[in-house]
Amino acid sequence: MYEAFKKSKDKALAYKSIMSEQLNDHIRYTKEIKQALINNDFELHYQPQFDHLYNMVGAEALLRWNHPTRGYESPAVYIPIAEESDLIIDIGNYVLEQACRDIKRLRQRTLPAFFQQISINISAKQLAKRDFVSNVIGMVNKYQIPPSSLKIEITESIMMGNLERSIDGLNTLLKFGVTCAIDDFGTGYSSLAYLKRIPASLLKIDRSFVTDIHLDQSNKAIISMIIQLAKSVNMEVIAEGVEQEQEVNCLIELGCYQFQGYYFSRPITFNDLLKFKH
């Protein structure tokens, strides 16, 4: 029945044994995620972000689950399961607080002059919560960090639920000093009508356009358009998934001057970030 609902509200599906297996896996993962939150098995790794002069300008916080018996789990497995329940709210709250705590620890060290902020990913359910804005402001105040040192990342698609409330909330955060980035730009429900209304300061170019851009004229044209679009609405751009020097050079030629990806650094632990920035 649940599989039929996922496909279409007016569609029927014949039962297959794999459906029961998937449901049992779902139930097991849900219980294990709850326990992981209690046991503090989640942790944040950080992928450094660089400018065209190879200065580290920030980092993106990435959630990692270090399972006690299976080791590091793939986010592609457990995040969709968490998103189907309110567990994604609990995970999101963990990410928010841990990121603010780490920012405070970073600021207690000597930060490079170019290092601006840590960014965190926000889920659709988080953004839709009425207390989302107050939670963000509360965490920033709790750890006494500059609001500008935290950036929240949203995808285009999660804005489609309650657009007006989302925009109001993001505007409130902007006034407070927390900025916003639009992640995976170009892969969702792009709309120029709402793009100009979102108080975002940064567009993140999806890695699907970046890979082998120096060999793909279509992707080069798309990224060129994204860069020009960003400039027209006073936004910066950063390219994700950069893995080759040729990609860096091509992006610079097109006017993109910020990057993240394996060419510069894989995601690293917070302790390694402390060492890396020096």
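A crossing is right-handed if the near helix is turned clockwise from the far one by less than a right angle, and left-handed if anticlockwise. I needed that before looking at the helix pairs.

**Entry 1: overview**

I am working from a predicted model. I counted elements first: the chain has 12 helices and 10 strands. I then checked burial. Of the 278 residues in the chain, 46% are buried. I also looked at sequence separation in the contacts. Taking contacts between residues at least 6 apart in sequence, I found that 67% join residues at least 24 apart.

**Entry 2: H10 and H11**

Two packed helices are described by the angle between their axes and the distance between the axes. I looked up both for this pair. Helix H10 covers residues 217–232 and helix H11 covers residues 245–254. Their axes come within 10 Å and cross at roughly 45 degrees. H10 is therefore oblique to H11. The crossing of H10 and H11 is right-handed.

Which residues make the contact of H10 and H11? From H10 I noted Lys220, Ile223, Ser224 and Ile227. From H11 I noted Cys250, Leu251 and Leu254. I sorted the residues of this contact by class: 5 are nonpolar, 1 is polar and 1 is charged.

**Entry 3: H6 and H7**

Helix H6 spans residues 132–142, and helix H7 spans residues 163–176. The two pack at an angle of about 20 degrees, and their axes are 9 Å apart. Angles under 35 degrees count as roughly parallel, so H6 and H7 are roughly parallel to each other. H6 passes H7 in a right-handed crossing.

On the H6 side I listed Phe132, Val133, Val136, Ile137, Val140 and Asn141. They meet Gly169, Thr172, Leu173 and Phe176 in H7. By class, the contact of H6 with H7 has 7 nonpolar and 3 polar residues, with no charged residues.

**Entry 4: glutamate 73**

I turned to single residues. Glutamate 73 sits in strand S3, residues 71–73. Is glutamate 73 buried or exposed? I found a relative accessible area of 11%, so glutamate 73 is buried.

I then looked for polar partners of its side chain. The side chain of glutamate 73 makes a polar contact with the side chain of arginine 70 at 2.3 Å. A polar contact with the side chain of tyrosine 29 is at 3.2 Å. Leaving out residues up to four places away in sequence, glutamate 73 touches Tyr29, Trp65, His67 and Tyr78.

**Entry 5: leucine 44**

Leucine 44 lies in strand S1, residues 42–51. I read 7% relative accessibility, so leucine 44 counts as buried. How far apart are the C-alpha atoms of leucine 44 and alanine 61? They are separated by 6.0 Å, and the two residues are 17 apart along the chain.

I listed the contacts of leucine 44, setting aside neighbours within four places in sequence. They are Ala61, Leu62, Leu63, Tyr94, Val95, Gln98, Ala99 and Phe270.

**Entry 6: threonine 179**

Which side chain does the side chain of threonine 179 make a polar contact with? I found lysine 151, at 3.0 Å. Not counting residues up to four places away in sequence, threonine 179 touches Gln117, Leu150, Lys151, Ile152, Leu174 and Ser201.

How values were computed. Residues are numbered from 1 along each chain as its sequence is written. This is a predicted model: local features need pLDDT of at least 70, side-chain atom pairs count only at pLDDT 80 or more; totals for chains, interfaces and linings use all residues. Side-chain values use heavy atoms; hydrogens and water are left out. Axes are lines fitted to C-alpha atoms, for helices over the stretch in contact, and angles run from 0 to 180 degrees between N-to-C directions. Helices (H or I, at least four residues) and strands (E, at least two) are DSSP runs, numbered from the N terminus. Angles under 35 degrees count as roughly parallel, over 145 as roughly antiparallel, 65 to 115 as roughly perpendicular and the rest as oblique. Contact means heavy atoms within 4.5 Å. Ala, Val, Leu, Ile, Met, Phe, Trp, Tyr, Cys and Pro count as nonpolar, Asp, Glu, Lys and Arg as charged, and the others, Gly among them, as polar. Buried means under 20% relative accessible area, exposed over 50%, partly exposed in between (1.4 Å probe, protein chains only). A polar contact is a pair of N or O atoms within 3.5 Å; within protein, one must be able to donate a hydrogen and the other to accept it, and residues adjacent in sequence count only if both atoms are side-chain atoms.
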